[in-house]
Amino acid sequence: MADVPAIDITSTAEWSALAEHHEAVAGLHLRELFDADPDRPAAMTAAGADLVLDYSKHRITRDTVPLLTALARAAGLPERTEAMFSGKHINTSEDRAVLHTALRLPRDATLQVDGQDVVADVHAVLDRMGNFSDAVRSGKWTGHTGERIRAVVNIGIGGSDLGPVMAYEALKAYADRDLTMRFVSNIDPTDITEATRDLDPATTLFIVSSKTFTTLETLTNAQVARRWLLAGLGGDESAVAKHFVAVSTNAKEVSAFGIDEDNMFGFWDWVGGRYSVDSAIGLSLMVAIGKEQFGEFLAGMHAVDEHFRTAPLEENLPAIAGLLNVWYVNFFDTQTHAVLPYSQYLHRLPAYLQQLTMESNGKSVRGDGSPVTTTTGEIFWGEPGTNGQHAFYQLLHQGKRLVPADFIGFAEPNHDVSVPDGGTSGDMHDLFMSNLFAQTSALAFGKTAEEIAAEGTPAEIVPHKVMPGNRPSSAILARKLTPSVLGQLIAFYEHVTFVEGTIWGIDSFDQWGVELGKVLARQLGPVLSDPEAHTGGLDASTAALVRRYREWRGRSV
């Protein structure tokens, strides 16, 4: 892994020290920990850029983070961090640099990678994106019939969809709401049908996002969109160039589709799909919020990059959060991690983080190809509060599984609304955020049988109402959800993922695990369509499913 030797982290003295420490603290309750150290909140709160991380409600003592940072240094985290930022090829299985951080470097920065001025390349694309977004937003860009664009449909999948749609939903308060924004990713025909059903081809623009311009799902949806457009505009092939642009590097395929190469926005092989929302993949977001606010989004990401790169590990938000995740996965044997944003605008953040974290760290071999000797990755999931409280919080509070959780909240609302008379009085956002604080407290401290009985609860009901507590959580707070703060949150989780991968010694930047299923799907497609296609090469279960499918579709011989 670049200049960092691959090691079995579980064989180090630092790992052994953490294992001994875990034996000493695992049986302690957060009530005891707070009683023994009332100043925990001050000691266990860190700040970086506009984010504040309170990690005092974790099952740790003041000795835990020093032991974790010692482990990080043994794994070479400082060196590997510098290798990433300087453009070393830390994606070993693909022999690539990992430079999503370069996408948000300011214009006056310098970074040479493999003899190329990366910063100049990035800003050349950003300038072209800015000119394009200005033209669409102002009405200067018109469609085939001369009408201005009123709807933009982003077609992509994976990072080419999850990033733009999550960020657009998060920043709707800053978007031009006169523009209808739609996002299509699923190859299920329902997706493209529903996205276009109420749109006017004359005023619709499609952004097709595929680095290779060969991605099966994206190109299938793009071809369906192309047919829909031409059917609505009289079949004139020249209309395609006025209603389609591409985010790609394959000029030949883009041109063959009918898109003008001048309207192709490129990016580089050192940008992984799940790290690409700040590249040209974010073009739909820029169209929605404008180039100035997109610039603020990038600046927020850069601010957290600088914090991660320069802050001591003991005060470093992504380092602390990533190491705490390792603490639970490897020493408490937790399997999942909940992300609970108290912002409806962030309702797509958990899905975005699923790809970021699970595609990155769902690995079973280290960077040198040797098997890992401990668990890697965790299952990320979640929903916005307070919706989740009425769904799965029951398991968080009283279930037998330990689920560390991130609570994300903001002091200022994007919309000021007062609760009407007859309801709970006061500011609606205060009521909303009181739930965040109450949930972290209830998870940490719970409620004992004695406390419940003292309230006059019947003895036979007391066991059902006991809240064991001792459930760990982080509170991640910012003043307000802005383009900059969203960028900060994304960069924070990118670096959290990187920290974990470094400890485990894995390559967090490839994704070979998604390839086999795609290859098999391409092979199976003709078998589903052709009633005479032979199924003998399939496993027995799949062959039976295919025969049943063909029968239901009327394709039996």
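My cut-offs: exposed is over 50% relative accessible area, buried is under 20%, and partly exposed lies in between (1.4 Å probe, protein chains only). Helices (H or I, at least four residues) and strands (E, at least two) are DSSP runs, numbered from the N terminus.

Before going on, I noted that this is a predicted model, where local features need pLDDT of at least 70 and side-chain atom pairs count only at pLDDT 80 or more, while totals for chains, interfaces and linings use all residues. Residues are numbered from 1 along each chain as its sequence is written, and side-chain values use heavy atoms, with hydrogens and water left out.

**H1, the buried side**

I listed Trp15, Leu18, His21, His22 and Val25 as buried in H1. Looking down the axis of H1, I see its buried residues fall within an arc of 120°, so they line one face of the helix; the arc is taken over the directions from the helix axis to the C-beta atoms. Helix H4 (64-74) and helix H14 (317-331) are among what covers them, with contact meaning heavy atoms within 4.5 Å.

S1 pairs with strand S2 (residues 51-54) in the antiparallel sense over 4 bridges; pairing takes at least two bridges found by DSSP between two strands. I traced Ala46 to its bridge partner in S2, Leu53. The two strands make a hairpin with 2 residues between them, and Ala49 in the turn has a positive phi of about 55°.

**Salt bridges**

I used this rule: a side-chain nitrogen of Lys or Arg within 4 Å of a carboxyl oxygen of Asp or Glu. It gives me 18 salt bridges.

Which one did I look up for Arg104? Arg104 bridges to Glu494, with the closest N and O atoms 2.7 Å apart. The pair links distant parts of the chain, 390 residues apart: Arg104 sits in the loop between helix H5 (77-85) and strand S3 (112-113), Glu494 in helix H20 (residues 483-504). I have both Arg104 and Glu494 down as buried. A network of salt bridges links Arg104, Asp278, Asp305 and Glu494.

I also logged Glu94 with Arg96 at 3.6 Å, N to O. Glu94 is partly exposed at 22% relative accessibility, and Arg96 is partly exposed at 28%.
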